[in-house]
Amino acid sequence: MSRTPAQSAAMRSGIAVGVATAAYGISFGALATASGLDVWQACVLSLVMFSGGSQFALIGVLASGGTAAAGSAIAGAALLGSRNTFYALRLSRIIGPGFFKRAAAAPLTIDESTAVATAQTEPAAQRLGFWVTGITVYVGWNLMTLAGALLGNLIGDVRAYGLDAAAAAAFLGLLWPRLKARQTQAVAVAAGFVATLLTPFLTPGLPVLAAAAVAIVVGVLNLFGTRGGPPSPEAIPMEREVEP
């Protein structure tokens, strides 16, 4: 079946974004073993959770607090992963009706698939971009997680190389492109201050949850945001939406 130029462009974008994102999975696999997970635990986490930001947040807390911080780690990862729910609302019309189709799309609704889908100009290209990106990232991310976890085991205690601290650095790298608007910059500074202030007094993971409350307060009160008008594109990435 021949594809339109828009569909071909969506497929190229999906593959390019998917391969680049999947390659990052090797870092997660290595960092997961540095945080105390086994190879199979790291792989199951990628298979089931499949949300890069949430996964890095989880192992970042585990790396600093061990199993004692498991509750805080899970809560923080779940809070961060809740953003995919809002992506699903935006992608509902693109995916189309049908229980099984939407059930298959649910785990693939991530930052990258949403970005590629909403960037297209035709409904068919939007759907193709979503599926190609989501499937490419899912397969590649899990393969690279396995490779990274095995690599982490082969070189021994990866904490000797400083990779345990790299989990937090990798997570910061995921967030950095979002810090464009004044509101997000204010949230980052305030949340960092709160987490730093509470770290000496609370068990690992709890300062992260306290810092998350800063974002909730700022969002509810719309502090530093635009009042009486739509939010700026910088404040909400992937703001563009094309009517199917």
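Predicted model: local features only at pLDDT ≥ 70, side-chain atom pairs only at ≥ 80, totals over all residues.
## Ground rules

Local features here need pLDDT of at least 70 and side-chain atom pairs count only at pLDDT 80 or more, while totals for chains, interfaces and linings use all residues. Residues are numbered from 1 along each chain as its sequence is written, and side-chain values use heavy atoms, with hydrogens and water left out.

## Two cores

A nonpolar core is a set of buried Ala, Val, Leu, Ile, Met, Phe, Trp, Tyr and Cys residues joined through side-chain atoms within 4.5 Å; buried means under 20% relative accessible area, exposed over 50%, partly exposed in between (1.4 Å probe, protein chains only). The largest one has 23 residues, and Phe28, Ile59 and Phe130 have the most contacts inside it. At least two residues each come from α2 (25-34), α3 (39-48), α4 (52-65), α6 (83-95) and α9 (123-154). Helices are DSSP runs (H or I, at least four residues), numbered from the N terminus.

Beyond its neighbours within four places in sequence, Phe28 is in contact with residues including Leu45, Phe56, Ile59 and Trp141 (contact means heavy atoms within 4.5 Å). There's also a second, separate core of six residues, with Val187, Ala191, Ala195 and Ala211 among them.

Leu47 sits in helix α3 and is partly exposed, at 44% relative accessible area.

Thr133, in helix α9, is buried at 0%. Its side chain reaches the backbone oxygen of Gly129 at 2.6 Å. Setting aside neighbours within four places in sequence, Thr133 is in contact with Gly14, Val17, Glu112, Ser113 and Val116.

Note on methods
Polar contact = N/O pair within 3.5 Å; in protein donor to acceptor, adjacent residues only side chain to side chain.
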